Structure formats: C-alpha cells, structure tokens
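Subject: Structure handover

Hello,

Here is the structure for you to open alongside this email. My notes on it follow.

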Amino acid sequence: MQLSTMRTNVRSRCGLSASDGLASDAVLTEFINSSIRTFSMEQDWPWLKATESFNTVVGTTIYTPTTGFRTSQSVTSEGTDLPYRTMRDMADPLRFDGSPLFFSVDFNKVVIAPKPDAVYAIVHAYTATETALTADSHAPLIYEWAIDKPIIMAAKLLATRLKDPSLMQLLNAELREVDKAIANEVRQARPAPIPKHRTDWYIH
C-alpha cells in the first residue's frame, strides 16, 4: 500500500479530511513512519527476510552487511550452514586459518572463523529494516494482510494529538482484533513441525 493511501486511511479512521491542519501530509508521514519502525521491531517478520551473497577474502574474518541489515538469521559457506557462536567462543577458531566453520555477529558485523584460507561463497540471510517513506508512491515491505496495524498505530498517534479518548478506545479495540488476525496469518505461514518419535520404545 502506498504512502498516500495510508495517509488517507489514517484520516478516515479519525474522521478528518486532508484540509485539516492537524492531519497534514507531513504530520501523517511522520506518524506512519514511526509506526512502521515500531511494528517492524516487534519480531522478525516474514516480509523483512532477505539474503545477500559475497565472497570471503583470504585472511579476512570481519564483513560489513548490506545497507538495511538489522539482525542475522543464518550464514552458509559453499552451501553448508555455519553454526552460530558467541564472540567469546570464536576466540579460539579465529586464531587459525581454514575453511569457514562458524559465524558470529559483533556490532553489526558478520564474523567468520577460522580465517578464510581461500575464496569461499557466502550467503547471509538476515532481517532487514524498513526504509522511511517520503514520496506518495513509496510503500513499505509489509504484506497487505498486516498493513492495517501501522495505519491504526498512526491513527492512535493522531488521536493522542486530537486529545480524543473515545477515538483512542475505538482504535485500541480495532488494534486488538488486527493483532489476532496477524498472529493467525503468521501461524498459518509457518511450516508444520516435524513429529518427534521416541527411540526408547521396543517390542517385547
């Protein structure tokens, strides 16, 4: 959904028109961007999942992720998943040269150990950040089935500015319903868990 449509929806929920100074484009753009940032930080949403590829440099262990990176999800080297280790646990592997065996994250840098002894193809899966919306045609990464939440959150910010407690109650009730719907969508999108079978059974 484009920024212009999101602003219209915020005004509609608050019963205001585009000519109302309390709900100017500039004010609503600020509220919407603030709401998107807050919403995106709630969890690692599926629409924020992204990947990047790069090659290691011999002897280099620290790599800067792409712009928009927030948190790492996984790292693979030549198609093999690398286990995550804390930086403390990386101290010993970092003393050696060899093929990548582990990864860590240190101050928004991806760290690979041991020190690469050759060029290896790396795929870094990460959670991205939302880019601020500025133009009317800009749209967030948020899926359509979740877009109502930041709109309602922005409307709540506007309701606070309007000092309208009745409107705030209505928006809070709508937000609770939207939260339930989003949680249901996320559950349905997740793969079913693999059944675990006991291995201690035996036949007499």
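First, a term: buried means under 20% relative accessible area, exposed means over 50%, and partly exposed lies in between (1.4 Å probe, protein chains only). Helices (H or I, at least four residues) and strands (E, at least two) are DSSP runs, numbered from the N terminus.

Please note that this is a predicted model: local features need pLDDT of at least 70, side-chain atom pairs count only at pLDDT 80 or more, and totals for chains, interfaces and linings use all residues. Residues are numbered from 1 along each chain as its sequence is written, and side-chain values use heavy atoms, with hydrogens and water left out.

Helix H2

Start with H2, residues 25-40. Its buried residues are Val27, Leu28, Thr29, Phe31, Ile32, Asn33, Ser35, Ile36, Phe39 and Ser40. What covers them? The cover includes helix H1 (3-14), strand S3 (69-77), helix H4 (148-162) and helix H5 (165-189). Contact here means heavy atoms within 4.5 Å.

The length of H2 checks out. The expected span of a helix is 1.5 Å times one less than its number of residues. The 16 residues of H2 should therefore span 22 Å, and its end C-alpha atoms are 22 Å apart, which agrees.

H2 against H4

These two helices pack at an angle of about 130°, with their axes 8 Å apart. Axes are lines fitted to C-alpha atoms, for helices over the stretch in contact, and angles run from 0 to 180 degrees between N-to-C directions. H2 and H4 are therefore oblique to each other. For that label, angles under 35 degrees count as roughly parallel, over 145 as roughly antiparallel, 65 to 115 as roughly perpendicular, and the rest as oblique.

On the H2 side, the residues that meet H4 include Phe31, Ile32, Ser35 and Phe39. Their counterparts in H4 include Met153, Ala154, Leu157 and Leu158.

The sheet

Four strands make an open sheet, in the order S1-S9-S3-S4, with antiparallel pairing. S1 (49-55) and S4 (80-81) stand at the edges with a single partner strand each, so one side of each has no neighbour in the sheet. Two strands pair if DSSP finds at least two bridges between them.

- S1 and S9: seven bridges join them. Lys49 has Thr127 as its bridge partner in S9.
- S9 (residues 121-128) and S3: seven bridges again. Val75 stands opposite His124, and Phe69 is partnered by Ala128.
- S3 and S4: two bridges. Ser77 stands opposite Thr80.

S3 and S4 form a hairpin with two residues between them. Glu78, in the turn, has a positive phi of about 55°.

Is S9 enclosed or open? Six of its eight residues are buried, so S9 is largely enclosed by the rest of the structure.

Thr76 counts as buried because its relative accessibility is 14%. Leaving out residues up to four places away in sequence, Thr76 touches Asp81, Leu82, Ala121, Ile122 and Val123.

Best wishes
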